[in-house]
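Here's a model to pick over together. Have a look before the questions start.

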Amino acid sequence: MFNMPLSLANGWSFDWRSALIGAGAAWLIALILYLRRASVDVRLRQLWNPLARWQEQLRSSVAEKYLAALQQALRATLLFEPADPAAIFVPPVLLAPPTLPTTLVEDVELTAQQPIAYEQLLAGHPRLLLTGDKGQGRTMALALLVWQVDQTTQETASATPYTRFPIWIDLDQLTELPEDEESDPVEFLTELAVKFLPVARAKWLYRQLLNAPAVILIDNWESVPGADRTTVAQLITAAAQQLPESQWVVVTSQEGYAPLTETDFVPVKVQPRIDEESLHTIYNGWATQLEHEERELGAPFLPTLQRALESGDTLLDFNLRTILYLRTGLHPNRPIAVQQALLEELLPTPELEEEEHEIDEEAKRIALETLNTLAWQLKSGEQAHFSPTEVESLVETLFPPPAERTSQLEQTTHKLLRERGLLRWDKERVTFKHYIWEDFFTASRCSQQTEMPPALLEHLRDPAWTFTKEYYLGLGEAQALVKAQLQASLASDDQHALLTTARWAMLAPPEAQWRKVVMKVLAQAFTKSNITPADRMRLGRALTLVAGESVRPFFLQTLRRHRTPDIRAAALRGLGWTGTPKEMRILAGGLAAPDFATRESAVRALGDQGTPGALRLLQEQLPLVDEKLMLILAETLAANPDGGGEILKRATESEDLLARRAAIHGLGKIREPWTKEILESVQREDPQWLVRSAAEAALSEMEKNSTISSATVQPPPKMDELPWLINWAAEQGLGVGVGKAAMQILLRVLESGNPEAQILAAASLAQIGQREHLAALQELLAGPEEKVQAAANYAINQIEKRYAGLPPAGEADCE
């Protein structure tokens with residue numbers, strides 16, 4: 001054997017020569033890389049960019065798929081699932097609380113509200129409440145925000161398909177609250193979002209919320225039980241604090257949202273824009289999507305819609321009417337007839353062979369009874385939700401005994417319930433595809449009872465039951481419900497409740513005996529001395545819509561018997577709504593009345609008649625009436641599509657200066673290219689500055705209406721930042737302090753401030769006041785100043801509305 005060196009025997013030895021060579025090579029490579037670092041950097045980027053683009057495309061592809069899935073799920077929540085919701089969307093008027101005055105010398109308009117353009121909704125305060133009643137387009141407005149943040153149709157390159165990551169939460173799907181107080185509120189909300197969109201992954205949603213600015217859209221706040229709303233509001237607020245760059249929009253009814261306003265959510269009222277232009281938008285949108293040959297709205301459907309517009313139909317009603325007409329050509333006047341025709345279209349009576357006809361009729365009966373039962377139990381709260389198994393069990397109880405039924409009966413029944421678009425069958429829940437069907441079938445079930453269900457009386461003032469009550473009134477005798485509503489309106493002198501009863505009379509079958517009682521009450525209220533002129537006009541119009549031309553003798557009799565100017569003015573307007581050319585002499589006499597209200601009503605009544613003779617009389621009177629009435633007369637002519645515009649066009653060439661100015665004012669109300677051309681010409685060429693100035697003002701108003709307002713929703717007022725309160729406290733030798741300390745100073749103003757300061761304090765509490773402040777406001781009701789009383793009463797109403805339906809403080813926690 002040979003002797004192995006010790007270094008090799010141990011397996012390793014340090015070779016300093018090799019180490020030196022290696023170090024030198026490394027330094028040489030490093031030097032070369034440093035000297036050529038720019039070209040190396042370019043090369044590395046060239047190698048990395050394809051991989052980075054692939055990763056970005058993968059992320060973008062997932063985001064685009066999510067956005068598409070969310071939009072498709074939202075289409076399914078909308079009535080009849082429009083392929084392009086934006087095409088039928090009529091942006092509502094959004095009304096935010098006004099900015100409070102900064103000084104005591106400024107006037108306070110208690111009911112003033114700041115209009116916000118729909119496009120600007122997400123441009124202001126990040127925590128918003130969209131308040132309104134069902135049927136006013138709340139959910140539609142919320143859903144279209146997802147399309148508003150969609151960037152996929154834009155040409156500009158973007159790393160994500162949306163400007164903000166949108167997430168939708170339906171609180172109607174909230175079945176339980178987290179038991180652990182330490183639970184992650186963002187995780188809780190993502191789990192709720194997955195209930196609405198099961199194809200989404202909760203972990204992916206969670207990461208997106210944490211890593212990107214988001215807009216969280218929450219529907220159906222009113223479906224949360226009152227006792228749970230504080231807890232849910234706390235979860236939402238905690239999540240908002242975790243996501244400081246997020247924006248929140250919650251849809252709610254007009255009551256019971258105080259737990260959210262206590263955490264800086266600002267209520268924005270949804271006021272639907274329902275006018276003839278809206279009718280055309282809805283019709284054209286649906287006609288395009290349904291590929292209907294009649295793309296332009298006209299006769300015979302337009303007159304039906306115009307009557308519905310006058311009787312107070314909602315946006316939802318107009319969509320229902322439009323869909324029915326485009327699908328079937330039917331255009332009934334009463335909403336219940338519209339709904340019944342739509343149901344017949346969804347659940348038709350098939351034309352089968354004789355031996356199959358009985359089976360089909362039995363299947364339809366079972367399906368309708370199932371729908372009635374489901375709707376009633378959900379609406380009345382007997383059951384919070386139904387699982388597919390529970391619905392199947394209910395259907396089983398309605399089938400004949402097994403020995404007497406056929407498989408064809410079972411198959412036909414299940415097909416009617418599952419494939420006709422009335423119910424949504426999810427894995428865990430069965431719900432109505434749209435709440436309007438729940439309301440309709442609830443009313444159907446109520447109408448089949450021998451006595452009116454007490455629930456209808458219990459929800460007499462509940463806006464959530466509006467459609468149910470209207471359908472019930474249309475389906476049969478509802479004298480007990482009408483009597484309760486009339487008694488409530490008369491006991492509290494509530495004109496709104498009385499007008500609601502008038503709408504019921506419009507919707508009821510013509511043979512309903514109680515309609516005569518409603519007409520009598522409306523006529524009595526019309527001549528009362530203690531109502532405002534505006535309310536009197538509304539009552540007169542309601543009476544006209546209920547009674548039709550048969551009310552004409554009443555208006556003539558009122559003119560003979562009454563000398564009160566505003567009663568006579570309203571009666572003259574009534575003749576315009578119901579009269580014939582025979583009343584022209586009476587209306588012409590009204591133009592010479594000593595009081596302005598009567599003269600104005602005579603002008604507007606002639607416009608309501610709209611006959612050639614009425615238009616000629618208005619044309620003759622244009623240069624003869626006083627300056628103020630001249631402007632109203634021009635507006636009246638502008639509103640007439642059958643010649644009013646032509647009369648105004650000719651009047652721009654009148655020798656009378658004031659007549660020309662009035663004509664320009666009227667043309668400014670007609671938003672057409674030809675009127676704009678005339679206004680521009682007059683602005684340049686009329687020799688009188690007064691007329692040119694009127695043309696300039698009209699063009700400016702046109703431009704203002706055609707551009708999007710830049711106003712945004714402002715955050716709720718902070719008491720410690722109000723200049724007037726700081727100044728008031730300084731005058732008393734006090735400091736305002738911060739937070740609750742500032743609120744104590746505000747309450748001190750209520751107690752000892754001058755009237756101007758008390759009004760401002762009440763106006764502040766109208767926006768941010770809580771239950772604990774009601775006592776201080778109620779003390780002002782006994783004070784001597786009427787304006788202070790009005791401000792306090794308004795603040796009390798606003799606070800009580802926010803807390804309606806909520807348990808007293810501390811009670812929810814005890815539960």
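Predicted model: local features only at pLDDT ≥ 70, side-chain atom pairs only at ≥ 80, totals over all residues.

Student: How are H36 and H38 oriented to each other, roughly parallel or roughly antiparallel?
Tutor: Helices here are DSSP runs (H or I, at least four residues; strands are E, at least two), numbered from the N terminus. The axes of H36 (residues 755-768) and H38 (residues 786-803) come within 8 Å and cross at roughly 10°; axes are lines fitted to C-alpha atoms over the stretch in contact, with angles from 0 to 180 degrees between N-to-C directions. Angles under 35 degrees count as roughly parallel, over 145 as roughly antiparallel, 65 to 115 as roughly perpendicular and the rest as oblique. So H36 and H38 are roughly parallel.

Student: How many nonpolar residues are in the contact of H36 with H38?
Tutor: Contact means heavy atoms within 4.5 Å, and Ile759 and Leu765 of H36 are among the residues that meet H38 residues including Val788 and Ile799. Ala, Val, Leu, Ile, Met, Phe, Trp, Tyr, Cys and Pro count as nonpolar, Asp, Glu, Lys and Arg as charged, and the others, Gly among them, as polar. Besides 3 polar and 2 charged residues, the nonpolar count is 12.

Student: And H30 with H31, what's their relative orientation?
Tutor: H30 (residues 644-651) and H31 (residues 657-667) have axes 8 Å apart, packed at about 140°. H30 and H31 are therefore oblique.

Student: Which helix gives the largest share of the lining of the second largest pocket?
Tutor: This pocket is lined by 40 residues, with Gln306, Arg307, Glu310, Arg541 and Leu545 nearest its centre. A pocket is an open set of points on a 1 Å grid where a 1.4 Å probe fits, with protein on both sides within 12 Å along at least five of seven lines, and lining residues have an atom within 4 Å of a point. With 7 residues, the largest share comes from H11.

Student: Where's the cis peptide bond?
Tutor: Pro300 sits in the loop between H10 (276-289) and H11. With omega about 5°, the cis bond joins Ala299 and Pro300.

Student: Which residue has a positive phi although it is not a glycine?
Tutor: Look in the loop between strand S5 (214-219) and helix H8 (229-242). With phi about 65°, that's Asn220.

Notes. Residues numbered from 1 in each chain as written. Heavy atoms only, no water.
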